[in-house]
Amino acid sequence: MLESDFQKKNRFFLNMGPQHPSTHGVLLIVLEMSGEYVLDPQPVLGFIHRMHEKMAESRPCQSFMPNTARMDYVCALPYNHGYVSLVERKAGIEVPRRAEYIRVITSELNRVASHLLWLGAYLLDLGAFTPILYGFDDREHILDILEDITGSRLTYCYYRFGGVNQDIDDKFVDSTRAFIKRLRKRFVIYEKLVTKNIIFIKRTENIGIVSPDMALRYGMTGPNLRGSGIAYDVRKNEPYSIYPEFDFEVPVGEQGDCLDRYMVRVREMEQSLRIIEQALDRLPEGPVRAKVPKNIKLSPGDCNFAVEAARGELSYYLVGDGTGVPYRLKVRVPSYSNLSCLPELGRGILLPDLVSILGSFDLVIPEMDR
Amino acid sequence: MAQETTNFKQDILFHEFNATETDYNQRGYHLEVALEVNQVRKFAQKAYDQGFFLVFVTGFHVLPEETEEGTTSGLNGVYQFARFDRLYRIKGQVSVPEDMSLPSICDIYQGADWHERETRDLYGINFEGHPNLKPLLLSDEDTDFHPLLKEEKKLKSLEKVSWPPEALESVDADTDAKASSTDSIDS
């Protein structure tokens, strides 16, 4: 980037957000600008900080369940999943197999819904209006399917310690199978509409390249990391629930630009569909909820549980003190670490490219602010 | 494969530090490292050299203890590292001295920058050497308000919120079983 004397004298600050459409929530980025170039982007967080971790310390562990869905509201079921699995590990609760199958099916449906929302919103950031209409149309089907069994459309509180709240029925199985069939046909449309679009490629290729070393220094995870060619997926690397029983791939990109991150998410949706299909085929009979004590005691000592949320590794770290109330609960959220590389990544780039990078990170602000 | 895993474990056992292998199925991490304040940076550097990524930095608040060097602040810094290429998680824990400061590791792991700012917000731990230790999650006016500090009557001693010592000793017995479970993941 060449900066003329005029530009050097006329550096200015620009507040991007907290109401900017492409920050997708109340995120503020203070940009030091020279002309159209970004010199130093500094994210400012905390606009919707609710101190979930303090809430966890002040109520029995069961009562924290609804909070888990209110961090990443776009993909809430993996957050449910991580929290119930954490307490199950701490209290030594066995989960019936059917319940684990239902958890995996619903979590993967939620992941597809999250990626569809991202796909539409990202293209909207880049100036294409149509894809969000297609994306929301497909996502709506998933929300309807999940609403029938969980009772909510967004902030799910469906999993319970030792199982799930209620069993799935034939209607759920049929509509999920029908949806998978439908979405596979829609992928063809997306490919024609987006993936091969020359304007889209120009806006994403070679933009915002995250090197593997940079990803390691910032602790990036999820599709943002896999775009850089590192096949780290908690479902494979640190298998939990019944994921080891399914045959699925971990798509990776090559150079870590915005286009690679896009391709990873698109290919991941197909892998999620494969997991759901296999789970539906092998769905065992049996109870969906184990008998657990009404007041769960968290024994003294710490315990960690990691799951793969739609945006990367979600870790719950719990310190118990022998009562039913967690002594300390730390929630490690993926978007927080993913975004922390922005000051380094966004130095010396054009403002439109910054919008492209932010979109490709798939940020959910309430998750970062907690 | 089992051989490789064993060697790997020996390599990263962090011999300079007070490290204990733990039962992964019980705790969700493999190695617990008890750190002194002056070891924190060395520990982070070693983790970086060996290819670990930073999962999080946080803290927790217990009852202050009388030690030979004086009273502790009661705060503990917790560091967690993991790997991209295989299943191995490390937890480092350090007791924060009375002056409430820990060395910053954000020049080794740039990702620690925000985690340390957040920990300062919530606990008031001062990270020495951090270039920009201003509030991140809390507002700029709240520099003296640390929500995760507990009231005195709710504080428990570190012993009461740690795994009982016998749980540590029983770990050696099932190390083999753990090694084989690690193998199945790599394949």
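Two strands are taken to pair if DSSP finds at least two bridges between them. On this basis, Phe305(A) stands opposite Tyr316(A) in strand E7 of chain A in the predicted model. Strand E7 comprises residues 312-320 and is joined to E6(A) by nine bridges, the two strands running antiparallel. Both belong to an open sheet of three strands in chain A, ordered E6-E7-E8 and paired in the antiparallel sense. The edges of this sheet are formed by strand E6 (301-309) and strand E8 (328-332) of chain A; each has a single partner strand, so one side of each is left without a neighbour in the sheet. From one strand to the next, the twist averages 10 degrees. Helix H4 of chain A, spanning residues 77-91, packs on the sheet and touches E6, E7 and E8 of chain A. The direction of H4(A) makes about 150 degrees with that of E6(A).

A further open sheet in chain A consists of four strands in the order E1-E2-E3-E9, again with antiparallel pairing. Five bridges connect E1(A) with strand E2 of chain A (residues 28-34) in the antiparallel sense. Within this pairing, Met33(A) in E2(A) is the bridge partner of Phe12(A).

Helix packing in chain A is illustrated by H5 (residues 97-125) and H6 (residues 130-150), whose axes come within 8 Å and cross at roughly 160 degrees. Because angles over 145 degrees count as roughly antiparallel, H5(A) is roughly antiparallel to H6(A). The crossing of the two helices is left-handed. On the side of H5(A), the residues in contact include Leu109(A), Val112(A), Leu116(A) and Leu123(A), while those of H6(A) include Ile132(A), Phe136(A), Ile142(A) and Ile149(A). By class, the contact between H5(A) and H6(A) contains 15 nonpolar, four polar and two charged residues.

Between the chains, 54 residues of chain B contact 50 residues of chain A. The size of an interface is often given as the accessible area lost when the parts come together. For chain B and chain A the buried area is about 4,200 Å², with carbon and sulfur atoms giving 56% of it. Of the area that chain B buries against chain A, 20% is supplied by Phe84(B), Trp114(B) and Leu137(B), more than by any other three residues.

Note on methods
Residues are numbered from 1 along each chain as its sequence is written. Chains are lettered from A and ligands numbered from 1 in the order in which they are written. This is a predicted model: local features need pLDDT of at least 70, side-chain atom pairs count only at pLDDT 80 or more; totals for chains, interfaces and linings use all residues. Side-chain values use heavy atoms; hydrogens and water are left out. Axes are lines fitted to C-alpha atoms, for helices over the stretch in contact, and angles run from 0 to 180 degrees between N-to-C directions. Angles under 35 degrees count as roughly parallel, over 145 as roughly antiparallel, 65 to 115 as roughly perpendicular and the rest as oblique. A crossing is left-handed if the near helix is turned anticlockwise from the far one by less than a right angle, and right-handed if clockwise. Contact means heavy atoms within 4.5 Å. Ala, Val, Leu, Ile, Met, Phe, Trp, Tyr, Cys and Pro count as nonpolar, Asp, Glu, Lys and Arg as charged, and the others, Gly among them, as polar. Buried area is the accessible area (1.4 Å probe) that two parts lose on being put together, summed over both.
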